[in-house]
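Biologist: I would like to learn how to read a few features of a protein model. Please take them one at a time.

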Amino acid sequence: MTEPRLTILADENIPALAPLFERFGELRTAPGRTLSRADLEGVDVLLVRSVTRVDEALLRGSRVRFVGTATIGTDHIDRAWLEQQGIAFSSAPGCNADGVVEYVLSSLLQLAAEQGFDLCSKTVGIVGVGNVGGRLQRRLQAMGVQVLCCDPPREAREGGDFVPLEQVLADADILALHTPLTEGGAWPTRHLLNADNLAQLKQGAILLNAGRGPVIDNVALLALARQRDDLTLVLDVWEHEPRVNPDLARRCAIATPHIAGYSLDGKIRGTWMLYCALCEYLGWTVNTPLEQVLPPAGVPALTLATADDLLTPARLVYDPYRDDRALRRTLGLGEAEQRQAFDRLRREYPERREYATLTVRVAGSDQAPQRLAAMGFATVDTGENDD
């Protein structure tokens, strides 16, 4: 049977489009943030990222029958309207979860080296224990870190060992936010952290947000940061992005342009998941495995002198200060230019791989370096140095 030819429009920042989607017909690309109804003329399939709002205003009158977002989050998609119109939808849950987790680990290990603490001696509170938060929980616990988990919807569904937000704020040395952005329901997360509860953060706490910017009231956070220099802030997401409050960014230890999940592996995994979903929708065979479109790692192996050195392999794979420096260079621009620069940093993001692409050997170790393995490095060899 001859496969029908489709016209596909995709955000130009989605990687590996050609090897995965040219099979289906005509492939077009456009900037995701400015994508409009005029761009959808003759389009059957729309593939986006989080910067494109997909709703009736965009799709009304188009012939689009399948929408895919190469992201975990779906708050930019009016799924109810798509369902009403009979338009198929797919997202990529978990595609970049490992990238976000490794952003968190790399940032925390860097801060541990600078501030002189052992990450494994700290209590980490995770707010939102889904695809990202759950993987972060598992890696930290495997490393020997004490973890407090707050996720009221999961607690209501499953029960289990969850704690309220107030306890996490009071007891966690490190607070990591990984919630979706929700406006209503049982657990609305917009301004989940606000002027009323941010002050409850433990003395000397690290607050890290790599989820959704509006989960924290950024005005309230800036006011608190001005009052409490004991706090350490790590922000990858911002309430009004692509606009970044320069005063808040300058008070962060690490400030980055919403790229926590921007590992090349995660991006290509997200594209591949949409490819599989479109194949399923059309009843076609998935004939391109993920491994076929993932490039080899630039640095495949590393030998360490000691298994206690967690920062070196983490920084080799990903150094958060590279992205921090890039964002800080834009903070003095006018608002319009800064917005454009923010999008450009994401659009032109350099290649970054995941921990699993690096094999770590610990020289002279007579026992498995468990914490390195727990962090996610693909294989951790033991034994003497190779000559």
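Modeller: A crossing of two helices is left-handed if the near helix is turned anticlockwise from the far one by less than a right angle, and right-handed if clockwise. Helices (H or I, at least four residues) and strands (E, at least two) are DSSP runs, numbered from the N terminus. Here α4 crosses α5 in the right-handed sense. This is a predicted model: local features need pLDDT of at least 70, side-chain atom pairs count only at pLDDT 80 or more, and totals for chains, interfaces and linings use all residues. Residues are numbered from 1 along each chain as its sequence is written, and side-chain values use heavy atoms, with hydrogens and water left out.

Biologist: At what angle do α4 and α5 pack?

Modeller: Axes are lines fitted to C-alpha atoms, for helices over the stretch in contact, and angles run from 0 to 180 degrees between N-to-C directions. For α4 (residues 97-115) and α5 (residues 131-143) the angle is about 50°, and the axes are 9 Å apart. Angles under 35 degrees count as roughly parallel, over 145 as roughly antiparallel, 65 to 115 as roughly perpendicular and the rest as oblique. The two helices, α4 and α5, are therefore oblique to each other.

Biologist: Is T7 buried or exposed?

Modeller: Buried means under 20% relative accessible area, exposed over 50%, partly exposed in between (1.4 Å probe, protein chains only). T7, in strand β1 (residues 6-11), has 9% relative accessibility, so T7 is buried.

Biologist: Where does R329 lie?

Modeller: R329 sits in the loop between α13 (320-328) and α14 (335-347). Its relative accessible area is 64%, so R329 is exposed.
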